[in-house]
Amino acid sequence: MSGRLASILHRAIAVAVSLLPWIAAMYFFYWLDSSGTWTRDTPHRGKLSVAILATGMGLSLVAWSALTRRKQK
């Protein structure tokens, strides 16, 4: 495998891995809705939505930072 192709593949894998927490948070929303747990009457629904999405995005940022920091060293 050429060095350029390996670099592109490594970057694509790093992006995919770093997006996993955000995708998991979105799937958690889907699961809550499809199971009937998440309804319009759920108390503090907006606050919980922000907390779930912020957690997923924060974990994605941490993963991306860790992967790019490892590459720079």
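My entries below go through the first helix, then the loop, then one serine.

Entry 1. I reminded myself that this is a predicted model. I started with α1, residues 3-34. I looked up its span: 32 residues, 45 Å from the first C-alpha to the last, close to the 46 Å expected at 1.5 Å a residue.

Entry 2. Where does α1 bend? I found a bend of about 40° at L20. A proline, P21, follows within four residues.

Entry 3. Next I listed the buried residues of α1, and they are A14, S18, A25, F29 and L32.

Entry 4. I moved past the end of the helix. G36 follows α1, and its phi is positive, near 85°.

Entry 5. Then I checked H44, which sits in the loop between α1 and α2 (45-72). Its phi is near 60°, positive although H44 is not a glycine. I noted it because most residues other than glycine have a negative phi. Is H44 buried or exposed? I got 52% relative accessibility, and the cut-off for exposed is over 50%, so H44 counts as exposed.

Entry 6. Last stop was S60, in helix α2. Its relative accessibility is 9%, so S60 counts as buried, the cut-off being under 20%. Which residues does S60 touch, leaving aside neighbours within four places in sequence? I wrote down S18, L19, P21 and W22.

How values were computed:
Residues are numbered from 1 along each chain as its sequence is written. This is a predicted model: local features need pLDDT of at least 70, side-chain atom pairs count only at pLDDT 80 or more; totals for chains, interfaces and linings use all residues. Side-chain values use heavy atoms; hydrogens and water are left out. Helices (H or I, at least four residues) and strands (E, at least two) are DSSP runs, numbered from the N terminus. Buried means under 20% relative accessible area, exposed over 50%, partly exposed in between (1.4 Å probe, protein chains only). The expected span of a helix is 1.5 Å times one less than its number of residues. The bend at a residue is the angle between axes fitted to the seven residues ending there and the seven starting there. Contact means heavy atoms within 4.5 Å.
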